[in-house]
Amino acid sequence: MTERLTLAQARRVAVAAQGLARVRPERVTPAHLLRTIATTQLHQIDSVNVIARAHYLPAFSRAGAYDTALLDRLAWGPKRERRMFEYWAHEASLLPLDLHPHLRWRMAAADRGEIGWGSLRAYAGERRAEAMALLDRIVRDGPLAASDVEQRQAPGGWWTWSEAKRVLEWLFWAGHVTTGTRRGSFERVYDLPERVIPAAVLALPTPPPADAQKALVERSARALGIATESELRDYFRLKPAESAAAVTALAADGVLLPAAVPGWTDRAWLHRNARRPRRVEGRALLAPFDPLVWERTRTERLFGFRYRLEIYTPAHKRVHGYYVLPFLLRDRLVARVDLKADRQAGRLLVQAVHLEPGAPPETMHELEAELDVMARWLSLSAKVLPVHGEVAAEG
């Protein structure tokens, strides 16, 4: 039987599934951060650092002002403290350790040269010996970054920096190495999985690919609450045949329930444990790479919010700004905020605010309160709001 939801109900299901429905805690503990990663299933990694690095922002949106050193220890700390690992999931991602077995099929496919960037696949075949030579060096000498290879190579050697990075990235795709740590410049340092990932995790059985893909789609459904098959597929970047088989199996098991939402042309699926709140109370600034908004078609269908990242758009052609964060108030995206952390001056620069049509009267009050929380989190002493004329209403 198909469950019928209004668009507002679907929005609340999605917001609640993403851990954004409740007022945030006063004090953030490691348990709150672990709950965040268990809720979203991954934090996307990106090099953009206009406000803070992208992987720090989803936890801020859900937990509030927290010590980023806590997340660093969970991701890159001593082995006994680690609760996350890096791999290619949605994109480059931080993932909970219990997902490691469910991504080994992808590592094996990369090792066979079946997936991965085109230029990397040669290292699975005719150039494999070169990759294995670099792996042997990591086994023998310890963790290695691409810049280490550049700095230590002999004159006239066959390595170049870009060559070393490609080899290391293939080894990473194929699961031969993982991220040992990140240097101050956020450069990835590669190491053997057995030196980084707890032995109990590596000892977990490796499921067959179809079972692993089914598990990934179940995680996607749990994180999204309600979604179409294409959205379930996108979360962990599965292929259509992989997600279709997984959805069919999960529906047969009663894990996914068919649902219909007015205006949605594709069938929706509800996770059987999805909360269906009558009201949500959350408030959050969302990174462009936040899983609530990263799938832009879904964002527009759920919230009526057409969202594009304009970093690579020439300045004179930008509509809303350089690094624009949607502002979630309860179950609606009510504003777009172009932000920049001016660390040298200790200021959070609010370069523009665009209110959405129908934004409630309290939007600016709630936004200013949220900006105060963000400034404190970033250890910035002041926030600088735009002049009145730059606070624009969308028409």
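User: Which residues line the largest cavity?

Analyst: Rolling a probe the size of a water molecule over the atoms shows where empty space is left. In this predicted model, the lining of the largest cavity comprises Phe-85, Glu-86, Tyr-87, His-100, Met-107, Phe-172, Gly-175, Val-177, Thr-178, Pro-193 and Ile-197. A cavity is a set of points on a 1 Å grid over the protein atoms alone where a 1.4 Å probe fits but cannot get out, and lining residues have an atom within 4 Å of a point. Strand β3 (residues 84-88) gives the most to this lining, with three residues; strands are DSSP runs of E, at least two residues, and helices are runs of H or I, at least four.

User: How many salt bridges does a search of the whole structure find?

Analyst: Side chains of opposite charge can pair when their charged atoms come close. The search finds 33 salt bridges, each a side-chain nitrogen of Lys or Arg within 4 Å of a carboxyl oxygen of Asp or Glu. One of them joins Arg-188 to Glu-169, with the closest N and O atoms 2.6 Å apart. Arg-188 belongs to strand β6 (residues 188-191) and Glu-169 to helix α8 (residues 161-173), so the pair ties together parts 19 residues apart in sequence. Glu-86, Lys-165, Glu-169, Arg-182 and Arg-188 are linked in a salt-bridge network.

User: Which conventions apply?

Analyst: Residues are numbered from 1 along each chain as its sequence is written, and side-chain values use heavy atoms, leaving out hydrogens and water. As the model is predicted, local features need pLDDT of at least 70 and side-chain atom pairs count only at pLDDT 80 or more, while totals for chains, interfaces and linings use all residues.

Conventions. 1 Å grid on protein atoms, 1.4 Å probe; cavity = no way out; pocket = protein on both sides within 12 Å on 5 of 7 lines; lining within 4 Å.
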